[in-house]
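Q: Please take a close look at one part of this structure and describe what surrounds it. I am new to it and would welcome a connected account.

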Amino acid sequence: MSAATVAAPGKPQRPGADEGRIGLRAHLRHTSALVRRNAMQIKNDPESMFDALLMPIVFTLLFVYVFGGAMGGSLGGDRSAYVNYIIPGLLAMGGLNIAMSVGSGVNDDFNKGVMDRFRTMPIARSSVLTAKMLVESGRMLVSTVILLVLAFLIGFDLKTGPLELLAAVALALLFGSSLTWIFMLLGLTMKTPQAVQGVGFMVLMPLQFGSSIFAPPTTMPGWMEAFTKVNPLSNLADAARALMNGQGAVAQPVLITLAWTVGITLVFAPLAVAKFRKKT
């Protein structure tokens with residue numbers, strides 16, 4: 001067996017010509033195997049799903065029943081008006097919260113030596129991170145289903161149809177999946193999972209609350225309203241509301257969200273894979 005196919009024990013295999021020759025079929029096979037491995041990890045550790053299962057319930061009940069009365073009045077209605085406003089916003093926010101957890105997971109895997117074992121194998125380096133992204137997308141889907149079930153139970157009124165609802169879900173999943181590349185890069189850059197979480201929260205808080213997710217931008221100061229207009233979460237929330245409530249323009253926020261999704265993926269996916277190859 002040639003030395004090119006066997007890595008020295010305990011040392012990551014350096015990316016070279018062999019990796020460059022891995023074909024698409026092999027990439028897909030490697031990714032599929034790693035997706036199954038990550039899914040089995042979740043099966044063996046059900047507690048890792050707590051954030052995906054509980055966050056949509058906690059956020060929905062908190063904002064609807066604590067702030068819903070006051071916010072519904074500002075929307076010209078009551079709490080039910082706020083339910084129809086907040087649910088598409090929470091749909092947009094869900095992917096961001098779950099994407100942050102993948103950064104801590106990648107960092108922890110490196111600290112435990114799991115990623116070093118992967119790098120000694122003759123597999124495509126990108127398949128390791130792609131598998132992580134796909135599994136996190138599955139967790140986002142579970143979280144989204146729980147959010148929508150709860151939403152209909154508390155009185156959400158879908159004013160369009162099932163196809164528009166599926167389009168809103170798909171758009172949120174695509175955008176959330178692109179964010180996993182940012183947090184995987186962060187997880188590969190920071191030294192500890194705690195540092196990843198700390199930096200992640202510093203990014204999350206202004207993006208979440210400086211958007212149209214929880215309140216209409218027209219109720220905010222001028223400088224904050226200007227920030228919400230360029231915040232990609234606002235575009236995603238506005239697109240989801242247009243698709244689910246049938247109010248407002250659909251094409252513009254959808255296209256802007258798709259542009260953000262493609263741009264984030266094109267920039268951060270190669271950076272994350274390159275960092276994965278070089279990290280020591």
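A: T31 is found in helix 2, which covers residues 24–44; helices (H or I, at least four residues) and strands (E, at least two) are DSSP runs, numbered from the N terminus. The model is a predicted one, in which local features need pLDDT of at least 70, side-chain atom pairs count only at pLDDT 80 or more, and totals for chains, interfaces and linings use all residues. Residues are numbered from 1 along each chain as its sequence is written, and side-chain values use heavy atoms, with hydrogens and water left out.

T31 counts as buried because its relative accessibility is 11%; buried means under 20% relative accessible area, exposed over 50% and partly exposed in between, with a 1.4 Å probe and protein chains only. Apart from neighbours within four places in sequence, T31 is in contact with S127, T130, A131 and L134, where contact means heavy atoms within 4.5 Å.

Helix 6 spans residues 125–153 and holds V128. With a relative accessible area of 3%, V128 is buried. Setting aside neighbours within four places in sequence, V128 is in contact with L34, M115, F118, I123 and F276. The C-alpha atoms of V128 and G23 are separated by 15 Å, and these two residues are 105 residues apart along the chain.

E136 also has its place in helix 6. This residue counts as buried, at 9% relative accessibility. Not counting residues up to four places away in sequence, E136 touches I98, S101, V102 and T180.

V106 belongs to helix 4, residues 79–111. Its relative accessibility is 0%, so V106 counts as buried. Residues up to four places away in sequence aside, V106 touches M115, K132, M184 and L188. M115 is also among the contacts of V128. F276, another contact of V128, has its C-alpha atom 9.9 Å from that of V106, although V106 and F276 are 170 residues apart along the chain.

These residues can now be placed within the whole chain. The protein chain has eleven helices and zero strands. Of its 280 residues, 45% count as buried. Among contacts between residues at least 6 apart in sequence, 78% join residues at least 24 apart.

The UniProt record, in an unreviewed entry, places the feature "transmembrane region" at residues 50–70, 82–102, 140–159, 165–188, 195–215 and 254–274; such positions are given in the numbering used here, feature names are shortened, and annotations may be inferred rather than shown by experiment. Over residues 195–215 the chain is 71% helix and 0% strand, with the end C-alpha atoms 30 Å apart. Residues 254–274 are 100% helix and 0% strand, and their end C-alpha atoms are 30 Å apart.

As for overall dimensions, the C-alpha atoms of the protein chain fill a box of roughly 75 × 35 × 35 Å, taken along the principal axes. The protein chain exposes about 13700 Å², of which carbon and sulfur atoms supply 69%; accessible areas come from the Shrake-Rupley method with a 1.4 Å probe, and for residues only the protein chains shown count as cover.
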